[in-house]
Amino acid sequence: MAYGADDVQAIGGLSIAFPIQMIIMAFGIMLGTGGSSIISRALGARENKKAEKVLGNVFSLSLILSVLIAVLCLYYLDPLLKVFGATAGVMPYAREYLKYIILGGTVFVFGTLFRILSDLKETPVLQ
């Protein structure tokens, strides 16, 4: 099967968009890891109210941060793509891919956050 120029450019667009997706997911890892550490220590000390408060703060910060990242990335989409090396031929593909990745960024962050927090031995509840 022969590949055309459009196929190569499309793969180039994915190569530019993928690292940005990983950076967005890194925020979920950061918040989940830090939050789970604080929650685990609070639960170990039988400070359930503190653990619940931290859980609420982690969820709130995740929502605020992921929406802020999405807004900034969408507003500065072309300069961001150029920083990551997008050329004129790759730019339309990278822009199209990254729009959907950024719009799903909140889901990425919360999915990663939930995965990390699900490893807690005792899960605090939001009230």
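The model is predicted, so local features need pLDDT of at least 70 and side-chain atom pairs count only at pLDDT 80 or more, while totals for chains, interfaces and linings use all residues. Residues are numbered from 1 along each chain as its sequence is written, and side-chain values use heavy atoms, with hydrogens and water left out.

**Exercise 1**

Work out how the axes of helix H2 and helix H4 are oriented to each other, parallel or antiparallel.

*Solution.* 
- Find the helices: H2 is residues 48-75 and H4 is residues 91-103. Helices here are DSSP runs (H or I, at least four residues), numbered from the N terminus.
- Look at the axes, which come within 9 Å and cross at roughly 165°. Axes are lines fitted to C-alpha atoms, for helices over the stretch in contact, and angles run from 0 to 180 degrees between N-to-C directions.
- Apply the cut-offs: under 35 degrees is roughly parallel, over 145 roughly antiparallel, 65 to 115 roughly perpendicular, and the rest oblique. H2 and H4 are therefore roughly antiparallel.
- Check the hand: the crossing of H2 and H4 is left-handed. That label applies if the near helix is turned anticlockwise from the far one by less than a right angle, and right-handed if clockwise.
- List who touches whom (contact means heavy atoms within 4.5 Å): Ala70, Cys73 and Leu74 in H2 meet Lys99, Ile102 and Leu103 in H4.
- Sort these by class: five are nonpolar, none is polar and one is charged. Ala, Val, Leu, Ile, Met, Phe, Trp, Tyr, Cys and Pro count as nonpolar, Asp, Glu, Lys and Arg as charged, and the others, Gly among them, as polar.

**Exercise 2**

Now do it for H2 and H5: which hand does the crossing have?

*Solution.* 
- Start with the axes of H2 and H5, which come within 9 Å and cross at roughly 155°. That makes H2 roughly antiparallel to H5.
- Then the hand: H2 passes H5 in a right-handed crossing.
- Pick out the contact residues, including Leu55, Val58 and Phe59 of H2 and Val109, Phe110 and Phe114 of H5.
- Tally the contact of H2 with H5 by class: 10 nonpolar, three polar and no charged residues.

**Exercise 3**

Describe the aromatic pair formed by Phe59 and Phe114.

*Solution.* 
- A pair of aromatic rings is described by the distance of the centres and the angle of the planes. Rings of Phe, Tyr and Trp (its six-membered ring) pair if their centres lie within 6.5 Å; planes under 30 degrees apart are stacked, over 60 edge-to-face, and the rest tilted.
- The structure holds four aromatic pairs. The one of Phe59 and Phe114 has 5.4 Å centre to centre and 65° between the planes, which is edge-to-face.
- Check accessibility (buried is under 20% relative accessible area, exposed over 50%, partly exposed in between, with a 1.4 Å probe and protein chains only): Phe59 is buried at 17%, and Phe114 is partly exposed at 45%.
- Widen the view: Phe59, Phe110 and Phe114 form one aromatic cluster.

**Exercise 4**

Is Thr112 buried or exposed?

*Solution.* 
- Locate Thr112: it lies in helix H5.
- Read the relative accessible area, 12%, so Thr112 is buried.
- Look at the neighbours: not counting residues up to four places away in sequence, Thr112 touches Met25, Gly28 and Ile29.

Note on methods. Helices (H or I, at least four residues) and strands (E, at least two) are DSSP runs, numbered from the N terminus.
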